[in-house]
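Here's a quick tour of one protein model, picked out for someone new to reading structures. Have the 3D view open and follow along.

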Amino acid sequence: MKNNILIWAIAFVLISQVAIAHNISTETLYAADSLLCKNGIMNTTVFAINVKNNLEFKLYNVKAELMVPDAMPPLTSKVFDIGDLDAHEISSKFPNWVIGCDSNKPGKYTVYVRYTNDNGITEDSKGDATFDIEVWSEPPSIVSSSPFGYLNTGVVVLNVTTNQNTVCRFSTIDKAFDSMTNDFIGTGTEHYYVTTVVDGAYIYYVRCRNEKNVTMSSSHGISFYIDTGKPTITYAGPTGLLSTNEITLNATTSENTECRFDSSESEYDSMGATMAGAEKSHSMKLMLGDGTHNYFIGCKDRAGNKVYTTVSFIIDIPPTATISIDKGTTLTSGIAEVSLTTNKDVLYTPTLEYSYSDSPGTLKSVPLEGLGTSWKGFMIIESKDDNKIGSFSFKGTDRLGITGNVIKEGKLFVVDTINPSVPDSLTGEIEDDNTIKLNWRYSGDDAAGFNIYRAESTYVSYGNFYGSSADNTFKDHNVESEKTYYYKISAVDKAGNEGDLSAEIAVKMKTMEIYETNNTSTTPSEAPDEFEKQLSEIEQYRLDAFAAVQNFKSFEQEKKDVVYSTQLMEKAEKGLADLSELRNQTLELLEKRLSNEELGKSLNIINLKMKKIIKTTPKDIEMAEKSTSVNFAQKEDIAEIVDIVLDNASIRDKTIDEVYALQNGINITNRISLMRVTTLDSTAEQIVLVEKEVLFDKRLDGLILVEKIPKSVAEDIGEVIILNKDYTILKRDPVVKFVSEGSDFKIRYMINDVTLEDAKKVLTVPMLSEKQRNDAGVRAAIKESYGGLPEQREKSDFITAYVFAKPGEGIGILNIILLTVGIVVLLGLGVYYVAYVEKLDFSSILPRFKKKQFSEEEFQKHMQAIESSFEEPERSFDEIDYLIGKASAYVKFNNYELAEKTYSKIKECYLKLDNGKKSEIMEKTVKLVSDINILFMRKLLMDAEHHCSLGEIKEAARIYEKIRKSYHLLPEEQKSFALKKSIELHKKMTAAKNRGIK
């Protein structure tokens, strides 16, 4: 037993020695890098330090082999040759190996050395020397994710993009990858997950693991906020009518938003400008012009929810004026040009007047010409207005009808017509530099300067102007030796008044000879009284002629048209030019140094010229009487004209019938105006202006029109002033032929000293040219428009051609012709139908295009009352009265269709009347035509507005064209309102078009 215990003890000691002391030991196993495949470290060197033979005998051919896993392939030989080692010898060699890494096999690995030798002893370094090396593999990372920020949807797509192929998971609580239960779809680099959410804040934690089983070390967060509710705009402005050009566009929202705006309707992202403010209040200052402004405001919250509104307002600052006068603010007698500039375009010519401080209630007009903001006119300052303060008053109306009267600059001016005193003590001296220096004394009122007059012979006059000086001296450098120079001077005040010339002096160069001359030349200061009187008279008539021209320009349009058409304006302007030339000729007499006798003869000739000019220069015109009628020639008159014009007697009768029928579709309106024209010499002359407006189908262009003027009007063509350019005199007693140019042709001529009644007897006869008579197309047009030529019908009634056109028709040329004449007759006669209209109190039918709209029940009740208020007629004449009353009542109650239908019945009854009854009923019918056309215009405006509001711009434009064509058919008192409504309609159409509405 004791022996066994001893044996085991000895064995334990031996085994322990073997475990503790290896046969071949390694003191240290060391690697330069313990982490491979990261930060560019793809290999490392492993060293074995102090390899020792621990045995009692020598080991032969010892070899060291580095033991590494597949993740670290050797880059050099795995076996290092140490050589022989004596007993207990430490090798002088340090075995080393270079190893790489395989990132596809990440992990931490232990390396060690195994020793072999020829002795057959094998040993490794596990017990005493190992080294841990890690092969690193890059974990996945998330390079992008969405969504983020604010969202306005309840369905959210979570998106994750990784840098390598992975699988990804998420949870609402940060966890390890294996603990997450929600998997993204996708195993590559793109991953998504669809989820449904409600309004609120959200955060999702995401982790991903790659194909090498490497997991993200920390979570990636996806956070966002859901807001599906739209903000509201609680206020947007300004609105209404504003009187300033500087406005602030404002918008207030229910939550924090960003707001933009644009002048045209568009999506938020397309709007042109961003308003200041990023919370609930937003604003933007704008400088705008007059007119209607529409702004579209869009606001977007952080989630992208958008809301829109529209702001509309009108800016209209009353017009203001700035006035300047070409001669400054201190004026002398004569003509001064006045410039008026408005701060904005004005629709009509502005009114400019002035008055003097001593008579503020007496206003004098300054007629203006111009356009938009720039206007010019002339004012006449008379000598009698000296030492007065003038004050302008202004009135201008802008395109929206707003009137202003403020003058911002140039309101006052001063009149000074007194010439300054004559300078005295004029002397001259020759300076050392061979120049002449003039000196003089002036003791009068303050002078603005002095004019110097120089000549090289005596008798210096105003025609010898040489220079100016601001003080009492003048130096003349432009002189030559041995020459004598003659000087005079005058004073000029601030108003431009120039005084008389001073005494004359002469200066001779080099001789120092200076003396005062005693010439007897005729100068303005020394001229005879006859000269001064003649010059003053010419100047006065010249100012009168200028005033006449300005007065003619300021006439209302109708009167102005007459002035231009009768060449009165041309005559007035010519008279003004002739008087200005005559004035210059008078002044030139002084330069000729005439004797008093010669001057007197010349003045007599000038006086005769002046009287001839003032006798033919119109000063004023008075429109005494006017008459409008419809031209219609009887057969006997036609026969007389045909005999004059026609060469072929065989077709005489046929031509007479042809002309008689032709009159039914060719409308000829006679407008005769009796005028009294006053000339500059106060002679009054009576002139009759005859205007024939001829309307016909354009296919008859080139129509012959023969004007027959009775001998009671003019015995010879020389007594007639024809204003048309082209005409042919057929007979001097007189008969004149015109050829039409276009389907709207006018014949115009003047006759002196004839009564209005006699002038009404002139007659126009329309005739086809030979070419037209042979043209099948022309004959077809006549048949279509006028009911045919004589061979197709026996009789035609001319009055139907102009009274019974369909009211309100804006397209058919015949209807336009007939209605135009109806309105003309209305204006000419000035008589309104009152028999039934006044009975029903309908005398102001549609005065403002605004009438109450009645319900069907109310309308029928009114119609029954109307029917019962008229007795059933027994005769055609009574029936027309009855129908006119009914039609007028329909107009009263805004029923255009019934009014027009009743009007058609009136036409039928009219044809049954004799000529006498037709004349009696004409005025009533014309009044009805006018009222129905007013109603038709109202209907067009309402229809166009309706289509415009629906965005049907094409249809609105079509109706707008009818409005434009029918506008001239309205009475004058209705036109301004219709124009204003039409302008508003056009603006709406333009705005809709700009927004892209078709």
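This is a predicted model: local features need pLDDT of at least 70, side-chain atom pairs count only at pLDDT 80 or more; totals for chains, interfaces and linings use all residues.

Residues are numbered from 1 along each chain as its sequence is written, and side-chain values use heavy atoms, leaving out hydrogens and water.

- Strands β12 (155-162) and β15 (190-196) are the elements that give two or more residues to the patch, and Val-194 sits in β15.
- Strands (E, at least two residues) and helices (H or I, at least four) are DSSP runs, numbered from the N terminus.

**A helix pair**
- Helix α4 (residues 568-588) packs with helix α5 (residues 596-616) at an angle of about 170 degrees, their axes 9 Å apart.
- That makes α4 roughly antiparallel to α5 (over 145 degrees; under 35 is roughly parallel, 65 to 115 roughly perpendicular and the rest oblique).
- Axes are lines fitted to C-alpha atoms, for helices over the stretch in contact, and angles run from 0 to 180 degrees between N-to-C directions.
- Among the residues that meet are Leu-579 and Leu-582 in α4, and Ile-606 and Met-610 in α5 (contact means heavy atoms within 4.5 Å).

**A salt bridge**
- The whole structure has 36 salt bridges (a side-chain nitrogen of Lys or Arg within 4 Å of a carboxyl oxygen of Asp or Glu).
- Glu-456 forms one with Lys-483, with the closest N and O atoms 3.7 Å apart.
- This pair links distant parts of the chain, 27 residues apart.

- Most peptide bonds are trans, and most residues other than glycine have a negative phi.
- The bond from Ser-146 to Pro-147 is cis, with omega near 5 degrees.
- Asn-39 has a positive phi, near 55 degrees.
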